[in-house]
Amino acid sequence: MKFLEKLRRYIRVSGIAPISRRYFIMNAFDGATTILGIVIGAYVAEITSELLVIWSGLGATLAMGLSGFVGAYMTEEAEREKKLRTLEKSMLTELTNSVVGRASRFASLWAGIVDGVSPAIAAVTCLAPLFFSSVGVFSIDFAIQLSVAIALSIMFLLGVFLGRISKRNIFFHGAKMFFVGLIITIVFLALKVL
Amino acid sequence: MIRRLVLDVLKPHNPGVVELSEALSHLDGVEGVNVIIYEIDQQVENAKIIIAGSSIDFEGIKKKLEEMGATVHSVDEVAAGKRIVEEVRTPQDRSARM
């Protein structure tokens, strides 16, 4: 059986698709929010070195990615192991080497990967303008503004994605997520004024 | 040379009947598969599986079912040979069922 076909079967059998969607949105949102906080914090603290912000952001990204992977993998593995044992009791047979057992192991790993990679993707995308600023493409002020705009856009898009899943108003859902980011931005800017 | 096989199978809800019947139908010597769920439990379900073909490999079928997480409870009917012999009702069957 082809590799992709096998993956599709494991996803179907384990029912991991909706769970990984949730993990993806939750953690991508976490990633964007964290970097938004770091970037705005750096702006409020009047940090002029892009590298400081980039390294702080990358440190947070690595921590979020690793904690996401380990946390989701271990939680999912424990839950699925319990489910598999219950099923084995009902079936009066061992299912470890069946498609059910393999799909269960795959689902734990898949959940871990999604949980680990999604905040990293969002975070690195938000940090991208600062990379350009560090090589002299933009000024740091413009890079921070662009980084905040990207973070807020990611939040809006995640809301749109949620709206599409629930088949409700995509702009309303996008706006809800966007406002969370906006609140963080406004609170920090207010702190700077004070 | 098995031409028809009727099995009583216990299976988890996932993989579903569509997936299971497709997997069985791709095996060598199998020409048609029919899967009927006749009992559903909280964790598992019982299925009657009818397999027809030119030369069905019983061990291959069993292996595939186990790979899909199912177990064969009983082999309820086997038709083998050049011609499929259908079940016939006899007076003894009638009296036995009364």
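I began with the largest nonpolar core, which has 64 residues, and noted that Ala32(A), Ile35(A), Val39(A), Cys126(A), Ala151(A), Ile154(A) and Met155(A) touch the most other members. A core here is a set of buried Ala, Val, Leu, Ile, Met, Phe, Trp, Tyr and Cys residues joined through C-beta atoms within 7 Å, buried meaning that 20 or more other C-beta atoms, placed from the backbone, lie within 10 Å of the residue's own. H4(A) gives the largest share of this core, 14 residues; helices are DSSP runs (H or I, at least four residues) numbered from the N terminus.

I recorded that this is a predicted model, in which local features need pLDDT of at least 70 and side-chain atom pairs count only at pLDDT 80 or more, while totals for chains, interfaces and linings use all residues. Residues are numbered from 1 along each chain as its sequence is written, and chains are lettered from A and ligands numbered from 1 in the order in which they are written.

Next I looked at helix H2 (residues 16–44) and helix H4 (residues 99–134) of chain A, whose axes come within 7 Å and cross at roughly 30 degrees. The pair is therefore roughly parallel (angles under 35 degrees count as such). In the contact of H2(A) with H4(A) I found 19 nonpolar, five polar and two charged residues.

Last, I checked the chains and found 11 residues of chain A in contact with 11 of chain B (C-beta atoms within 7 Å). H3(A) gives the most to the side of chain A that touches chain B, with four residues.

Key
Axes are lines fitted to C-alpha atoms, for helices over the stretch in contact, and angles run from 0 to 180 degrees between N-to-C directions. Helices (H or I, at least four residues) and strands (E, at least two) are DSSP runs, numbered from the N terminus. Angles under 35 degrees count as roughly parallel, over 145 as roughly antiparallel, 65 to 115 as roughly perpendicular and the rest as oblique. Ala, Val, Leu, Ile, Met, Phe, Trp, Tyr, Cys and Pro count as nonpolar, Asp, Glu, Lys and Arg as charged, and the others, Gly among them, as polar. Two residues are in contact if their C-beta atoms, placed from the backbone, lie within 7 Å. A residue is buried if 20 or more other C-beta atoms lie within 10 Å of its own, exposed if 12 or fewer, and partly exposed in between; C-beta atoms are placed from the backbone.
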